[in-house]
Amino acid sequence: MTRKNAARLLIAAAGVLALAAGILQGDMQDTMRKAVRLCLECVGIG
Amino acid sequence: MGDRPLKRRLIQLASALIYNANMAGFGKGELYRGATKGLCVPGLNCYSCPGAVAACPLGSLQNALSRLPRKAPLYVAGFLVLVGLTLGRVVCGFACPFGLIQELLHKIPTPKIRKSRWTRYLSWLKYGILAVFVVAIPVWYAWTEGYPLPAFCKYICPAGTLEGGWSLVAARPEYRGVVGGLFGWKSAVCIAVLVGCVFCYRAFCRFLCPLGAIYSLFARVALVAVRVDKRLCCECGLCVERCKMDVRRVGDRECIHCGECRAVCPKNAIYFGREKRICQPAEENGCSVSER
């Protein structure tokens with residue numbers, strides 16, 4: 001395995017672990033809650 | 001070869017329509033509230049846009065950082081790492097609605113600002129915006145004030161103003177009464193970016209976009225990319241000359257993998273996809289550095 005592929009494997013593992021841990025700690029619901037409500041300051045209205 | 005730009009344009013258009021599939025929302029000025037809003041899209045697309053059916057990764061990242069120190073932003077970070085690793089800045093070239101808008105604006109026939117040493121320097125600005133507006137300010141406010149401040153969305157993001165702010169103010173008369181100085185500032189930034197893109201190719205992506213900055217960090221390892229078959233390449237430099245982004249070589253941090261360079265390569269050495277390709281031996285391809 002080349003060094004580049006080893007780095008890819010490590011990055012992929014880190015990404016999958018972070019994603020899974022994030023889902024388990026409820027980040028997806030947090031994202032959902034934020035995204036379904038209009039954030040007036042985010043779009044510059046006020 | 002001639003249908004490649006058209007294919008890319010169709011993919012860009014399809015991604016813009018998929019990201020913003022809640023078309024009815026534009027008329028009503030109401031946000032989509034379905035379950036897919038918990039998922040991020042790979043490109044820059046404001047989740048406060050009435051059409052958006054999923055979340056913007058940059059907005060989600062800033063809000064996740066605002067939950068520090070209670071919660072680490074693992075979900076969005078993991079998503080960005082996986083998208084960066086698989087697609088990298090292919091997302092910018094193929095799956096970013098705001099990139100599509102910028103490219104269409106650049107088609108307006110006017111004198112154009114060509115890339116130069118100065119635009120190359122400016123291309124570093126997006127890393128500063130990522131560090132300050134996406135990471136430092138939201139984290140600072142979260143730690144010191146306990147208050148979420150998505151600084152990039154609030155003060156800069158022209159996609160949010162265009163897709164969310166302007167469309168909501170147009171559709172909902174009650175918002176017209178609450179607009180103030182912030183709306184004026186963000187509208188001015190948005191207009192400056194849009195006008196800038198008429199004269200300067202993808203000015204926002206090249207100089208300001210923190211999402212492109214994140215994906216550019218994966219340039220060396222991204223699985224899908226435009227690549228050069230070194231055994232065929234005669235280093236004529238036509239690819240870099242043709243490119244409108246601030247690239248120094250095909251596939252570097254500034255490359256959005258649009259593949260336009262493939263059309264000018266005299267040796268057909270540029271290809272799109274994963275690494276490793278069976279190629280003809282260098283002595284058979286008949287090219288040398290002297291062809292520069």
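This is a predicted model: local features need pLDDT of at least 70, side-chain atom pairs count only at pLDDT 80 or more; totals for chains, interfaces and linings use all residues.
At 21% relative accessibility, Arg9(B) counts as partly exposed. Arg9(B) belongs to helix α1 (residues 4–19) of chain B and Glu103(B) to helix α6 (residues 97–106), so the pair ties together parts that are 94 residues apart in sequence. Glu103(B), for its part, is buried, with a relative accessible area of 3%. The cut-off for buried is under 20% relative accessible area, which is why Arg9(B), at 21%, falls into the partly exposed class.

Glu254(B) and Arg89(B) meet through their side chains at 3.8 Å, N to O. This pair links distant parts of the chain, 165 residues apart: Glu254(B) sits in the loop between α15 (238–242) and β2 (270–273), and Arg89(B) in the loop between α4 (74–86) and α5 (90–94). Glu254(B) and Arg89(B) are buried. Arg206(B) pairs with Asp246(B), and here the closest N and O atoms are 2.9 Å apart. Over all chains, the search of the whole structure finds 14 salt bridges.

Turning to the overall build, chain B contains 16 helices and two strands. Its radius of gyration is 20 Å, close to the 19 Å that the globule rule gives for 292 residues, so chain B is as compact as a globular protein of that length. The C-alpha atoms of chain B fill a box of roughly 70 × 45 × 35 Å along the principal axes. Of the 292 residues in chain B, 53% are buried. Among contacts in chain B with a separation of 6 or more, 75% come from residues 24 or more positions apart. Chain A, in turn, has two helices and zero strands, and its C-alpha trace spans about 55 × 25 × 10 Å along its principal axes. Buried residues account for 35% of the 46 residues in chain A.

The two chains meet in a contact that takes 31 residues from chain A and 51 residues from chain B. Between them they bury about 3,300 Å², with 66% of this area on carbon and sulfur atoms. Arg8(A), Glu41(A) and Ile45(A) supply 20% of the area that chain A buries against chain B, more than any other three residues.

The rule finds three salt bridges between chain A and chain B; one of them joins Lys71(B) to Asp30(A), with the closest N and O atoms 2.7 Å apart. Twelve residue pairs are in polar contact across the interface. On the side of chain A that touches chain B, α1 (3–24) and α2 (27–36) each supply at least two residues. Helix α1(A) gives the most to this side, with eleven residues. By class, the side of chain A that touches chain B has 17 nonpolar, seven polar and seven charged residues.

Terms used: Residues are numbered from 1 along each chain as its sequence is written. Chains are lettered from A and ligands numbered from 1 in the order in which they are written. Side-chain values use heavy atoms; hydrogens and water are left out. Contact means heavy atoms within 4.5 Å. Buried area is the accessible area (1.4 Å probe) that two parts lose on being put together, summed over both. A salt bridge is a side-chain nitrogen of Lys or Arg within 4 Å of a carboxyl oxygen of Asp or Glu. A polar contact is a pair of N or O atoms within 3.5 Å; within protein, one must be able to donate a hydrogen and the other to accept it, and residues adjacent in sequence count only if both atoms are side-chain atoms. Helices (H or I, at least four residues) and strands (E, at least two) are DSSP runs, numbered from the N terminus. Ala, Val, Leu, Ile, Met, Phe, Trp, Tyr, Cys and Pro count as nonpolar, Asp, Glu, Lys and Arg as charged, and the others, Gly among them, as polar. The radius of gyration is taken over C-alpha atoms; the globule rule is 2.2 Å times the number of residues to the power 0.38. Buried means under 20% relative accessible area, exposed over 50%, partly exposed in between (1.4 Å probe, protein chains only).
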